[in-house]
Amino acid sequence: MDTKTTREYVGVDLVGNRFVMCTLKADRSNPRYSSGRSDTEGGQLKFLAKLSDEHEILIPDSPLAVRALELLGERVHIASMGSLWTAWERAGVKRGQPMAKFAAIYLIEECLPPQVLTKAQIQQIQANHALELVQIMRIGDDSQRIGQAVLNGSATEKDAKLAIQNEYQSKIKPSSMGTVETYVPLFDEEDDSFLARLYRALEKLR
């Protein structure tokens with residue numbers, strides 16, 4: 001692990017169908033928390049959007065963990081719930097934010113080995129890659145159609161929204177394990193990027 005580029009450490013707890021994450025500086029300062037659904041596409045994207053190559057993560061073995069591993073590689077450490085989180089709970093650490101913070105502190109203090117993938121994790125990655133190929137083909141077809149619509153002047157508001165959605169989804173690999181929510185906001189409320197502002201403006205025009 002190249003610790004020179006690790007600026008923050010992320011501990012994760014999974015409680016039922018929800019994740020709780022705590023992000024700490026190397027000196028354990030400035031704890032920041034986030035939570036959401038771990039079993040839906042929208043919830044998983046919310047989690048992944050908060051990670052970067054400056055983070056190191058400790059997370060229980062789960063489909064969400066495999067998606068983080070695909071995104072950040074060796075910066076993600078996956079352990080079974082029983083090996084660490086259950087032991088910490090028995091020692092008196094409360095689930096949720098306290099457990100997530102404890103995992104982040106553990107990650108800071110311990111020198112964890114590179115991740116060795118299990119057979120199930122490899123199978124999920126292969127399934128995710130198959131979905132990614134389907135997504136690439138679909139976005140390519142959409143882009144060609146929308147481009148033609150723009151050139152001939154027939155593009156609609158629906159085309160603009162679809163182009164924004166495809167741009168956002170192209171940044172995150174799809175998963176074979178996340179179910180679809182009834183409504184999945186593409187951008188966090190605090191996201192002030194151009195795409196987020198444009199998408200919200202188009203939503204108001206519906």
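A: Let us begin with the aromatic rings. The model is predicted, and four aromatic pairs are found in the structure.

Q: How is a pair of aromatic rings described?

A: In general, the distance of the centres and the angle of the planes describe such a pair. In this structure, ring pairs join Trp85, Trp88, Phe102 and Tyr106 in a cluster.

Q: What pattern does the chain follow along the sequence?

A: The elements are taken in sequence order. Here the chain holds seven helices and five strands, and the pattern reads β-β-β-α-β-α-β-α-α-α-α-α.

Q: Which sense, parallel or antiparallel, does the pairing of strand 1 and strand 2 have?

A: Strand 1 pairs with strand 2 in the antiparallel sense, over eight bridges. The two strands form a hairpin with two residues between them. Within the turn, glycine 16 has a positive phi of about 65°. Valine 15 is found opposite arginine 18 of strand 2.

Q: How many bridges join strand 1 to strand 4?

A: Strand 1 and strand 4 run parallel and are joined by four bridges. As one case, tyrosine 9 has glutamate 56 in strand 4 as its bridge partner.

Q: Why is strand 1 described as largely enclosed?

A: A general point on strands comes before the case: side chains in a regular strand alternate between the two faces of the sheet. As for strand 1, seven of its eight residues are buried, so the rest of the structure largely encloses this strand. Buried here means under 20% relative accessible area.

Q: Which residues of helix 4 are buried, and against which elements do the buried residues pack?

A: The buried residues in helix 4 are Met99, Ala100, Ala103, Ala104, Ile105 and Leu107. The buried residues of this helix pack against strand 1, strand 2, strand 4, strand 5 and helix 3.

Q: What share of the contacts joins residues at least 24 apart?

A: One first sets aside contacts between residues close in sequence. Among contacts in the chain between residues at least 6 apart in sequence, 57% join residues at least 24 apart.

Q: What is the accessible surface of the chain?

A: The accessible surface comes to about 11,700 Å², and 55% of that surface belongs to carbon and sulfur atoms.

Terms used:
Residues are numbered from 1 along each chain as its sequence is written. This is a predicted model: local features need pLDDT of at least 70, side-chain atom pairs count only at pLDDT 80 or more; totals for chains, interfaces and linings use all residues. Side-chain values use heavy atoms; hydrogens and water are left out. Buried means under 20% relative accessible area, exposed over 50%, partly exposed in between (1.4 Å probe, protein chains only). Contact means heavy atoms within 4.5 Å. Rings of Phe, Tyr and Trp (its six-membered ring) pair if their centres lie within 6.5 Å; planes under 30 degrees apart count as stacked, over 60 as edge-to-face and the rest as tilted. Accessible areas come from the Shrake-Rupley method with a 1.4 Å probe; for residues, only the protein chains shown count as cover. Two strands pair if DSSP finds at least two bridges between them.
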